[in-house]
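Hello,

Here is the structure I promised to pass on to you. Have a look at it first, and then read my notes below with the model open beside them.

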Amino acid sequence: MVRLELDQVVMRRMKEDDIEIVKALIKEGSEGTENRLILHILTRPLCLFILAVFSSILRCLVHSFILALAIPVFLLIIFLKITMPRSTGVLGSSRPYWDYVGSSFRGTQDETLQNPFCRISGKTPVTKKPRRRIGPKEKDKDTSTEKITPEREEAAGQVWVADCEGDILGCIFRESEQRAGVRRICRLVTGCWYRREGLGRLLVQSLEQRERVTGAYRVYAHVPYPSKVGEVFFRKLGYQQLGEGTDDDKERKLETPERGFLGYSLTKVFYRDL
């Protein structure tokens with residue numbers, strides 16, 4: 001654990017040079033989530049029933065009971081492994097995270113979120129050029145020639161990064177505006193060395209403050225279904241799960257969790273009125 005001075009953190013829009021670092025952060029933050037989601041789906045009653053039916057059919061063709069039991073489970077795990085990354089990368093979004101980050105609208109270079117800790121301490125955070133480890137193969141790699149249109153950038157949404165003296169410590173994804181006055185947080189990641197230091201809270205609350213100024217009245221957050229840590233985190237920030245409060249049926253239909261195999265929910269939807 002590294003002691004972090006929050007008043008030295010600059011929360012700015014992602015730049016072209018930050019893309020690979022942000023992708024590495026997402027990969028680190030999603031580690032284990034995919035396997036927990038697969039286990040969650042495999043242990044649902046309907047899924048267990050279907051696997052049992054297929055195992056019974058295979059038992060007539062395969063003389064080994066273990067093979068008849070293992071083959072359907074193995075094939076289902078492979079299927080889920082192929083289809084799951086779309087949901088574990090950017091929660092609540094229809095895009096896989098590698099496309100979302102690569103085409104995210106980057107805005108102006110000087111656009112930042114307000115850091116309340118700077119007003120308290122009176123210090124001014126300094127933004128340095130991000131430090132990157134560049135391998136020999138990466139030096140010779142040409143930059144991507146793929147053309148990203150402004151329409152694609154706007155549709156992708158926004159990625160804000162927490163920068164401290166040139167190091168990217170965390171990031172938060174805000175989905176593109178689909179409904180007036182409603183915003184969606186679809187991924188929040190902090191580096192493993194900077195967790196439980198208040199960085200995640202700072203990113204969420206600073207983004208909320210910005211969206212409140214722009215006229216938003218509600219923020220949604222999608223959390224992986226098996227993630228107890230994410231659920232506790234957003235509840236501490238004043239969020240409540242969709243369906244627990246006084247939200248109407250219309251909102252439940254408009255903001256639905258990501259669903260996977262057999263329609264089982266992969267995310268929990270939390271919301272907070274600003």
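**Notes on the salt bridges**

At 22% relative accessibility, arginine 210 counts as partly exposed. Before I go on, please keep in mind that this is a predicted model. Arginine 210 makes a salt bridge with glutamate 211, and their closest N and O atoms are 3.3 Å apart. Glutamate 211 has a relative accessibility of 1%, so this residue counts as buried. The pair belongs to one network, in which salt bridges that share partners join Arg174, Arg183, Arg210 and Glu211.

As background, side chains of opposite charge can pair when their charged atoms come close. How many salt bridges does the count come to? The count comes to ten salt bridges.

Aspartate 18 is at 0% relative accessibility, so it is buried. Arginine 12 also meets aspartate 163 in a salt bridge, at 3.0 Å from N to O. That pair links distant parts of the chain: arginine 12 is in strand β1 (residues 10-13) and aspartate 163 is in strand β3 (residues 158-164), 151 residues apart. Aspartate 163 and arginine 12 are both buried.

**The largest pocket**

Next, please find the largest pocket, which holds about 1000 Å³ of space. Its lining is made of 33 residues, and Thr190, Arg195, Val229, Gly230 and Phe233 lie nearest the centre. Which element gives the largest share of the lining? That is α11, with seven residues. At least two lining residues each come from α1 (19-29), α2 (33-42), β5 (182-190), α10 (199-213), β6 and α11 (228-236).

Strand β6 (residues 218-224) is also the place of histidine 222. Is histidine 222 buried or exposed? Its relative accessibility is 4%, so histidine 222 counts as buried. The side chain of histidine 222 is joined to that of threonine 267 by a polar contact of 3.3 Å.

**A patch on the surface**

Isoleucine 78 has a relative accessible area of 38%, so it is partly exposed.

**Two backbone angles to look at**

Most residues other than glycine have a negative phi.

- Glutamate 165 has a positive phi, near 55°, and is not a glycine. Its place is in the loop between β3 and β4 (167-174). Glutamate 165 is partly exposed, with a relative accessible area of 40%.
- Arginine 196 is not a glycine either, yet has a positive phi of about 65°. You will find arginine 196 in the loop between β5 and α10. With a relative accessible area of 78%, arginine 196 is over the 50% cut-off and so counts as exposed.

Enjoy exploring, and write back with any questions!

Best wishes

Note on methods: Residues numbered from 1 in each chain as written. Predicted model: local features only at pLDDT ≥ 70, side-chain atom pairs only at ≥ 80, totals over all residues. Heavy atoms only, no water. Helix = DSSP H or I, 4+ residues; strand = E, 2+ residues; numbered from the N terminus. Buried < 20%, exposed > 50% of the residue type's maximum accessible area, 1.4 Å probe, protein only. Polar contact = N/O pair within 3.5 Å; in protein donor to acceptor, adjacent residues only side chain to side chain. Salt bridge = Lys/Arg side-chain N within 4 Å of Asp/Glu carboxyl O. 1 Å grid on protein atoms, 1.4 Å probe; cavity = no way out; pocket = protein on both sides within 12 Å on 5 of 7 lines; lining within 4 Å. Points joined across faces, edges and corners; volume = space filled by probe spheres on them.
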